[in-house]
Amino acid sequence: MIRKALLCALLAAPAFASEDIPDKYPQSVLYSKPVEVIPNVFSAIGATAPPTYENAGHNNNLSFLVTGDGVIVVNGGANAKLAEALHAEIRAVTDQPVRLVINENGQGHAMLGNSYWAAQGVDIVAHVEAKKVFEDNSFQILEGMKRYALENAEGTKAVGPNITFEDRYDIEMGDMRIEVLYLGPAHSEGDVSVWLPDERLVIAGDIAFHERMPPIFAETCTSCWIETWDTAFEPLGALYVIPGHGHPTNMAQVRRYTRDYLVYLRERIAEHIDAGGTLDDAYYVDQSPFAHLDTFEELATKNAGIVYTEMEFE
């Protein structure tokens, strides 16, 4: 009954969030206070806007699992101040020590807070490709964060994971079985999802979006992302989904605003190419069914141009 009630509450939540909502937790550098999604699984939901001084870079979800024999953190955070603030919230919930940090990808808001956790002696695990991406770009990522975070960047160093894997990393800790899974190409190199099979909950990472528009990078393979979704992500059969950005939800919602968005955009671009359309015009293909998503103005035209370039010679 508890699970049914929670699922109903998730379904009743707003379909999208406003970028204009101010900091929800002004007494903390965190954008919002962690909430308990299901028993012993917590997430501090980040802003769906781009990283700013006001949100201190907390524009992704920082989650943690209280296993009974230690705590596992998912995402290091965008800087050491955010990691320290999350640690304070963990200590308010449990006296169990943090034993492991999982980085969901190689982006700054997943890894820059690693320096705080490494200083606590905590192991950090990520996909081998995510580690490489972070190491190759760590100077630019760190300097970019410093420009918007200002004093909140103090104490942050570029520290990568000390444990890597290729396909999966299995953990048994306390009362939990945790599978850290590389399911295939998706949003960025080395994206992983954290699957709790007994709870049927997935901390999806950036394979799944529903309140903000999915960003498509130059290196993103959108057809591969769709294939990963259809063959590996959705077959998990998750009842609860904590996406990389946005509130906890269900598979139907993230499918609608991630997989179905990618299919929709590829169809519009294919029509444009078949009609002899150019790259200059491709930026303006109709994406109005998704115009209510946060970051639409920042990302829609960019996404269309990248997908045109991807599909032009498919």
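Select Cys-221 to begin: this residue is partly exposed, with a relative accessible area of 23%. Here, buried means under 20% relative accessible area, exposed over 50%, and partly exposed in between, computed with a 1.4 Å probe on protein chains only. The model is predicted, so local features need pLDDT of at least 70 and side-chain atom pairs count only at pLDDT 80 or more, while totals for chains, interfaces and linings use all residues. Residues are numbered from 1 along each chain as its sequence is written, and side-chain values use heavy atoms, leaving out hydrogens and water.

Cys-221 and Cys-224 form a disulfide, with their sulfur atoms 2.2 Å apart; a disulfide is a pair of cysteine sulfur atoms within 2.5 Å. The link is right-handed, with 70° about the S-S bond.

Helices (H or I, at least four residues) and strands (E, at least two) are DSSP runs, numbered from the N terminus. These 7 strands form an open sheet in the order 1-2-3-4-5-6-7, with mixed pairing; two strands pair if DSSP finds at least two bridges between them. Strand 1 (35-38) and strand 7 (163-165) stand at the edges with a single partner strand each, so one side of each has no neighbour in the sheet. From one strand to the next, the twist averages 25°. Angles run from 0 to 180 degrees between N-to-C directions, and axes are lines fitted to C-alpha atoms, for helices over the stretch in contact.

Within this sheet, strand 2 (residues 41-44) and strand 3 (residues 62-66) pair in the antiparallel sense over 4 bridges. Ala-44 stands opposite Leu-62 in strand 3. Now display helix 2 (residues 80-93), which packs on the sheet and touches strand 2, strand 3, strand 4 (71-74) and strand 5 (98-102). Contact means heavy atoms within 4.5 Å. The direction of helix 2 makes about 30° with that of strand 3.

Move on to the open sheet of 5 strands, whose order is 8-9-10-11-12. Strand 8 (168-173) and strand 12 (240-243) are at its edges. Strand 9 (residues 176-181) and strand 10 (residues 193-196) run antiparallel, joined by 3 bridges.

Finally, select helix 7 (residues 251-274) and helix 9 (residues 296-311), whose axes come within 10 Å and cross at roughly 65°. Among the contact residues are Tyr-261 and Leu-265 of helix 7, and Val-307 and Tyr-308 of helix 9.
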